[in-house]
Amino acid sequence: MNTASLVIERGTPASRSAGIGVLTIILLLAIAPQFLSAGAVDRMTALFIYVILAAMWNALAGFGGLVSVGQQVFFGLGAYFAIRLANAGLNPFVSLFVSAVIVGAVSWPISLFMLRLRNGEFAIGMWVIAALTHLLVNLDRLIQGETGTSLISLNVYDASTRRLTIYWLALASMTALLAILFSLLRGSTGAAIRAIRDNEDAAASVGVRVTGTKRQLFVLAAFGIGVAGALWLATAITFQPKTYFNVQWTAYMIFMVLVGGIGTFEGAILGALLFFLIETWFGGTGVWYLIGLGAAALAFSLLLPRGLWGTLEERFGWRLLSVGYRVRLPASAADPTGEAISPAPTAAHSEKA
Amino acid sequence: MMNQIVQGVLLGGYYALIACGLSFMFSVMRIINLAHGSLAVLSAFALWLLASRFHISPFLGLLVVLPLMAAIGWALQHFLLERSARGGALLPILTTFGLAIVIDNLLFEQFGADTRSLAPFIGSLSYDSWEWPGSLYVGKLAVIIFITAVVLLGGLQLFLTRTGLGRSIRATSEDPDTAGIVGVDARRSMAIAAAIAMVTVGLAGAFLGMRATFDPYAGATQLLFAFEAAVIGGAGSLWGTLIGGIVLALAQTLGARIHPQGFLIGGHVAFLIVLFIRLYTSGLGLRGLLRLSTRKAS
């Protein structure tokens with residue numbers, strides 16, 4: 001094969017039009033509250049939070065190879081610090097984001113420790129951290145144990161201002177977090193991240209800084225989930241430690257990412273969308289809904305571990321939000337779809353060098 | 001004080017019992033089964049059902065439930081874990097987590113949110129105690145649990161070192177491919193190991209039900225206890241698990257003395273301290289935090 005004639009591409013025509021499509025969707029969402037009922041605005045806010053959760057868990061598990069079942073710790077802390085800051089007199093909306101920054105800062109020392117664990121040990125280790133944090137938050141007198149408390153200072157805003165502000169904050173946070181993740185994955189860190197995802201030992205052997213890269217993802221995921229927790233608090237107002245530090249949040253994240261497609265940027269978003277629809281339709285069925293979610297996660301991990309998007313992507317060579325590199329053979333050899341060779345560490349490294 | 005230490009040590013027996021299945025499975029299959037706690041609770045509910053519906057004492061009920069748990073373990077390995085382990089080290093975590101959610105919620109659907117206990121079905125055993133010198137009162141049940149744990153751990157150790165089947169399980173845990181070359185059926189050994197692990201889980205579930213209360217969502221806590229005891233006990237031998245369980249229980253006892261809500265906090269903190277020390281004294285990454293050294297046993 002004549003290597004000189006290979007073309008390295010960073011996108012496809014589809015991915016370029018998808019980029020424009022994404023911008024259009026975000027603009028439409030920004031003006032959507034004009035046309036939506038109050039209830040619909042609330043639901044959309046929930047959707048944005050789900051997208052954040054899915055994208056952040058995917059960043060950690062799908063790209064960093066770190067499956068955690070304790071991510072609810074950052075969700076709960078995001079809400080808890082927001083309560084604390086607002087109680088100290090900070091504007092409630094500002095405290096949502098300051099809180100997330102604190103969560104990110106707290107996750108740093110945790111990462112020093114936890115990232116030395118592997119696979120299942122990391123997964124349950126994080127769960128222990130979440131359980132311990134939950135118990136410690138319960139000790140705070142302000143929280144009053146499991147009784148909980150509320151973000152009272154938000155009440156100075158009238159209901160519709162509050163609803164719209166939270167909607168836009170959620171939309172902006174989602175967009176910003178997805179953009180950060182996207183640029184991280186597309187940049188030189190992204191090459192390292194995908195190398196780690198594909199084979200950690202091999203990546204380390206060619207000089208990828210495995211732990212440093214993982215730590216970046218860990219802190220980003222903690223920050224993002226902290227934002228999500230704080231936003232959830234803003235929509236729900238009440239803070240009961242049990243609801244926020246519930247492992248169910250991680251179950252939702254796992255469901256969204258597994259069904260959508262673990263390790264693909266678009267898959268997490270698709271998964272969040274599906275989860276949102278399923279919740280809207282079946283959420284009322286209570287326990288059977290949860291059984292269904294668990295069974296779906298079980299089935300996908302066994303039968304379709306690449307998830308919906310991963311499978312479609314593989315079969316049809318789709319790339320909408322392309323973070324990788326494509327090696328295209330010259331016209332004679334290429335099949336119509338352009339036979340994508342999915343992000344190969346070698347391609348990544350020629351780029352890095 | 002002395003009394004609390006004795007109680008703590010005895011409670012450690014229960015933790016060792018629930019931890020040994022987890023670390024046994026991990027050392028043979030390299031899988032941490034996140035449904036571990038939920039399966040223990042499942043066993044407790046099965047015994048409760050037998051006792052309350054058919055008036056079968058939980059001890060007799062074990063004759064039904066333990067074979068059932070063995071079958072579940074075999075099926076678990078055959079239909080779920082074997083398949084998902086082929087997809088890498090991360091997939092089994094997700095599979096077993098999904099399974100845990102399904103089990104927890106099915107139990108909730110079937111039995112509701114009420115907390116149950118097996119204590120009413122074991123007569124005076126649940127509150128009887130012996131008086132030991134120094135006016136120490138120790139519960140008969142707690143002693144039975146502790147002795148069961150010791151016997152089980154010792155039996156498992158003997159089984160792994162002295163029997164052909166045990167040796168083939170150990171060979172599989174070292175290296176399934178090489179074991180295959182020398183004629184060990186690795187798939188069979190793993191399925192048997194899973195069945196054995198589930199029998200210990202079933203037993204742990206029974207004692208969970210007898211010594212305390214449980215509800216459909218109690219599995220997560222039991223999983224954390226099992227994991228903590230196994231990690232604290234560390235990569236020694238099965239006896240390490242017993243020490244891990246005792247340390248965990250003593251830390252919880254100490255935590256409860258310091259603060260009324262300190263019981264669980266004490267356990268978690270002890271776990272993290274041990275982890276911290278282990279990480280910074282070993283210097284190496286923790287490849288096998290939970291791994292039982294079967295070599296030492298031989």
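1. Confidence by element. In chain B, the lowest mean pLDDT of any element, 40, belongs to helix 12 (residues 294-297). The highest, 94, belongs to helix 2 (residues 36-54) of chain B. This is a predicted model, and these scores are the predictor's own confidence in each residue.

2. Confidence overall. Chain B averages a pLDDT of 87. In that chain, 93% of the residues score at least 70. For the complex, the predictor gives an ipTM of 0.87 and a pTM of 0.87.

3. Where to be careful. Two stretches of chain B need a caveat. Over residues 283-288 of chain B, pLDDT stays under 50. The model has 8 contacts beyond four places in sequence for residues 283-288 of chain B. Residues 292-298 of chain B also stay under 50, and for them the model has 18 contacts beyond four places in sequence. Where pLDDT is low, the predicted coordinates should not be read in detail.

4. The chain contact. Which chain supplies 38 residues to the contact, and which supplies 36? Chain B gives 38 and chain A gives 36. On the chain B side, helix 3 (58-85), helix 4 (91-111), helix 9 (219-233) and helix 11 (262-282) each supply at least two residues. Helix 4 of chain B gives the most, with 13 residues. By class, the side of chain B that touches chain A has 26 nonpolar, 8 polar and 4 charged residues.

5. A helix pair in chain B. Helix 5 (residues 140-162) and helix 6 (residues 164-174) of chain B pack at about 85°, with their axes 5 Å apart. An angle from 65 to 115 degrees counts as roughly perpendicular, and helix 5 and helix 6 of chain B are therefore roughly perpendicular to each other. From helix 5 of chain B come B:F159, B:L160, B:T161 and B:R162. They meet B:G166, B:I169 and B:R170 in helix 6 of chain B. The contact between these two helices has 3 nonpolar, 2 polar and 2 charged residues.

6. The nonpolar core. The largest nonpolar core has 207 residues. Those touching the most other members are A:I52, A:L53, A:A54, A:A55, A:M256, B:L17 and B:A193. Helix 8 (residues 186-211) of chain B gives the most to this core, with 17 residues.

7. What does A:A55 contact, leaving aside its neighbours within four places in sequence? The partners of A:A55 are A:L177, A:L178, A:L181, A:A268 and A:I269.

Methods. Residues numbered from 1 in each chain as written. Chains lettered and ligands numbered in written order. Predicted model: local features only at pLDDT ≥ 70, side-chain atom pairs only at ≥ 80, totals over all residues. Contact = placed C-beta atoms within 7 Å. Helix = DSSP H or I, 4+ residues; strand = E, 2+ residues; numbered from the N terminus. Nonpolar A, V, L, I, M, F, W, Y, C, P; charged D, E, K, R; others polar. Axes fitted to C-alpha atoms, helices over the stretch in contact; angles between N-to-C directions. Parallel < 35°, antiparallel > 145°, perpendicular 65-115°, else oblique. pLDDT = per-residue confidence, 0-100. Core = buried A, V, L, I, M, F, W, Y, C linked by C-beta atoms within 7 Å. Buried ≥ 20, exposed ≤ 12 C-beta atoms within 10 Å, placed from the backbone.
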